[in-house]
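Let's talk through the charged pairs and strand pairings in this one. Have the structure open while you read.

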Amino acid sequence: MQELSMHVMDIAQNAVAAGAENTRILLRMDTAADRLELTVEDDGRGMTEEQARAALDPFYTSRTTRKVGLGLPLLRLTAQLTGGDVAIESEPGKGTRVTAWFGLSHIDRPPLGDMAGTISALMQANPERDFCYELHVNDQSFAVSSREIKQILGDVSLAQPEVALFLREYIEENSAPLLEKE
């Protein structure tokens, strides 16, 4: 995966598969500390300590459709190439938090990619779930929550193509000023 947005999609889809009703995606950029931090946390099934450790092994997967799981191991390798790493905190029945941190200006740090498209696609594909996306760049921030959007829309589903397009444009428009130097 060459963009961080693809890692977000992978982790968030794993959260949905684990029964998460709520998923929070948090992206922090601190130019003074030269650090980018990506966190995806959910209230899904969670994992035991052993499963959380094994999730970083490319030859382990809990899926039955294939025998390897490369998402988190690739994310970890990418983070380590920039001087960062990945941490997994999880508790059975409570959920999981995956945090990856990167050297913000490191030449090997992948670009963010289409984060607005990823977030809006997650909301559109899973309208019964709640997603919260937060972007913090130094002292500025932007947040959007599917729960709040659903309250505003009432009976209109997030799965409607017009709503998904609006969400994507809304996220892009509000993220762009924060990411101008990215």
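A salt bridge here is a side-chain nitrogen of Lys or Arg within 4 Å of a carboxyl oxygen of Asp or Glu. Keep in mind that this is a predicted model.

Q: How many salt bridges does the structure hold?
A: The count takes pairs with the nitrogen and the carboxyl oxygen within 4 Å. On that basis, the total for the structure is 13.

Q: Which residue forms a salt bridge with Arg24, and how far apart are the closest N and O atoms?
A: Look across to strand β5, since the pair links distant parts of the chain, with Arg24 in strand β1 (residues 22–30) and its partner in β5 (residues 130–137), 110 residues apart. The partner is Glu134, and the closest N and O atoms are 2.7 Å apart.

Q: Is Glu134 buried or exposed?
A: The cut-off for buried is under 20% relative accessible area. Arg24, at 27%, is partly exposed. Glu134 has 16% relative accessibility, so it counts as buried.

Q: Which strand holds the salt-bridge partner of Arg97?
A: Arg97 forms a salt bridge with Glu41, with 3.1 Å between the closest N and O atoms. Arg97 lies in strand β4 (residues 95–103), 56 residues apart from Glu41, and the strand that holds Glu41 is β2 (residues 35–42).

Q: Why does Glu41 count as buried while Arg97 counts as partly exposed?
A: It comes down to the cut-offs: buried means under 20% relative accessible area, and partly exposed lies between that and 50%. Arg97 has a relative accessible area of 31%, so it is partly exposed. Glu41 is buried because its value is 19%.

Q: Which residues are linked in a network of salt bridges?
A: Two pairs in it have already come up: Arg24 with Glu134, and Arg97 with Glu41. Glu89 belongs to the network as well.

Q: Which residue in β5 stands opposite Thr23?
A: Strands β1 and β5 run parallel and are joined by 8 bridges. Opposite Thr23, on the β5 side, stands Phe131.

Q: Which residue takes a positive phi in the hairpin of β1 and β2?
A: This hairpin has 4 residues between the strands. The phi in question is near 50 degrees, and the residue is Asp34.

How values were computed
Residues numbered from 1 in each chain as written. Predicted model: local features only at pLDDT ≥ 70, side-chain atom pairs only at ≥ 80, totals over all residues. Heavy atoms only, no water. Helix = DSSP H or I, 4+ residues; strand = E, 2+ residues; numbered from the N terminus. Buried < 20%, exposed > 50% of the residue type's maximum accessible area, 1.4 Å probe, protein only. Pairing = 2+ DSSP bridges.
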